[in-house]
Structure formats: C-alpha cells, structure tokens
Amino acid sequence: QAQLVESGGGLVQPGGSLRLSCAAPGFSLDYYAIAWFHQAPGKEREGISCISATTSASFYEESVKGRFTISRDNAKNTVYLQMNNLKPEDTGVYYCATAGSYCSREYKHWGQGTRVTVSS
C-alpha cells in the first residue's frame, strides 16, 4: 500500500521552530486531505491538525493553535507543518495520514513518523 514519508524532525530547544514535511512518492495528494498526528512518549497518538484537499481549509487542536501552521504545495506533492514556539510537551513522534478529502476519519495512508525532541 502506498505510504507517506515524513521528514524534518530533530532536536530543538524550547521556543525553537521546526518544519515537518509529508510527501507521497508514489501517488498524488491533490485530492486528499492530510492530517498530522502527535504521539508523546507513553501516550496515545492524537490528531493535531488537518488541511482539506480542495479548499485548503485548515483545522488545529487547541494546544497547537497559534503556534503550528499547516500548508500544502500541490506542485511539490507535499504538506508541511510549521511548528513555532515549541514546548517540551511537543516532544514525540509526528505522523501524517491521508484523511479523505475533507479531513474525515478515513486514514488510509500513513507515514512512518518523524521524531521531534524539544529540550534544552
């Protein structure tokens, strides 16, 4: 099954920024909404943001509103998650998944995750 590929994770100090990328080497993302998930150590994976396919409407979980920005570049077949003002609680593995066309819970394709560590 076609998979997504996340990249851009790493170690950053509190208050720093990272930009995560979600690419689809084997298929077009044009008609897919893309959701980002965060799995903190020892916790369940939770959805934090989503961008729809055609209108690029975006949605954010409360804890990341005002700090994270989701965007898409269909020409590059990539979705981004710009993460600013990072906090230690943002540490964890970040996954992207297709979510239908309108950010529905139809998570068909997943990536392997990229790890983010926020620490001084």
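A pocket, as the word is used here, is an open set of grid points where a 1.4 Å probe fits, with protein on both sides within 12 Å along at least five of seven lines. By that definition, the largest pocket of this predicted model has a volume of about 200 Å³. The model also holds an open sheet of four strands, an open sheet of six strands and a largest nonpolar core of 23 residues.

**Largest pocket**

- The lining of the largest pocket consists of 15 residues.
- Nearest the centre of this pocket lie Ala35, Gly47, Ser49, Cys50 and Tyr107.
- Strands β4, β5 and β6 (58-60) are the elements that give two or more residues to the lining.
- Among the contributors, β5 gives the most, with four residues.

**Six-stranded sheet**

- The strand order in the open sheet of six is β2-β10-β9-β4-β5-β6, and the pairing is mixed.
- At the edges stand β2 (10-12) and β6, each of which pairs on one side only.
- From one strand to the next, the twist averages 25°.
- Strands β9 and β10 run antiparallel and are joined by three bridges.
- Val93 has Arg115 of β10 opposite it.

- Six bridges connect β3 and β8, which pair in the antiparallel sense.
- Arg19 faces Gln82 of β8, standing opposite that residue.

**Nonpolar cores**

- Within the largest nonpolar core, the residues that touch the most other members are Trp36, Phe68, Val79, Leu81, Met83 and Tyr94.
- At least two residues of this core come from each of β3 (18-23), β4 (34-39), β5 (45-51), β7, β8 (78-83), β9 (92-98) and β10 (114-118).
- Another core lies apart from the largest one and has eight residues, including Phe37, Tyr95, Ala97 and Ala99.
- In soluble globular proteins, nonpolar side chains tend to be buried together.

- Ser71 is located in strand β7, which covers residues 68-73.
- Beyond its neighbours within four places in sequence, Ser71 is in contact with Ile51, Val79 and Tyr80.
- Ser58 is 13 residues from Ser71 in sequence, and their C-alpha atoms are 8.1 Å apart.
- Thr69 also has its place in β7.
- With a relative accessible area of 42%, Thr69 is partly exposed.
- Thr69 is in contact with Tyr60, Tyr80, Leu81 and Gln82, leaving aside its neighbours within four places in sequence.
- Tyr32 is 37 residues from Thr69 along the chain, and the C-alpha atoms of the two are separated by 18 Å.

Note on methods. Residues numbered from 1 in each chain as written. Predicted model: local features only at pLDDT ≥ 70, side-chain atom pairs only at ≥ 80, totals over all residues. Heavy atoms only, no water. Contact = heavy atoms within 4.5 Å. Core = buried A, V, L, I, M, F, W, Y, C linked by side-chain atoms within 4.5 Å. Buried < 20%, exposed > 50% of the residue type's maximum accessible area, 1.4 Å probe, protein only. Pairing = 2+ DSSP bridges. 1 Å grid on protein atoms, 1.4 Å probe; cavity = no way out; pocket = protein on both sides within 12 Å on 5 of 7 lines; lining within 4 Å. Points joined across faces, edges and corners; volume = space filled by probe spheres on them. Axes fitted to C-alpha atoms, helices over the stretch in contact; angles between N-to-C directions.
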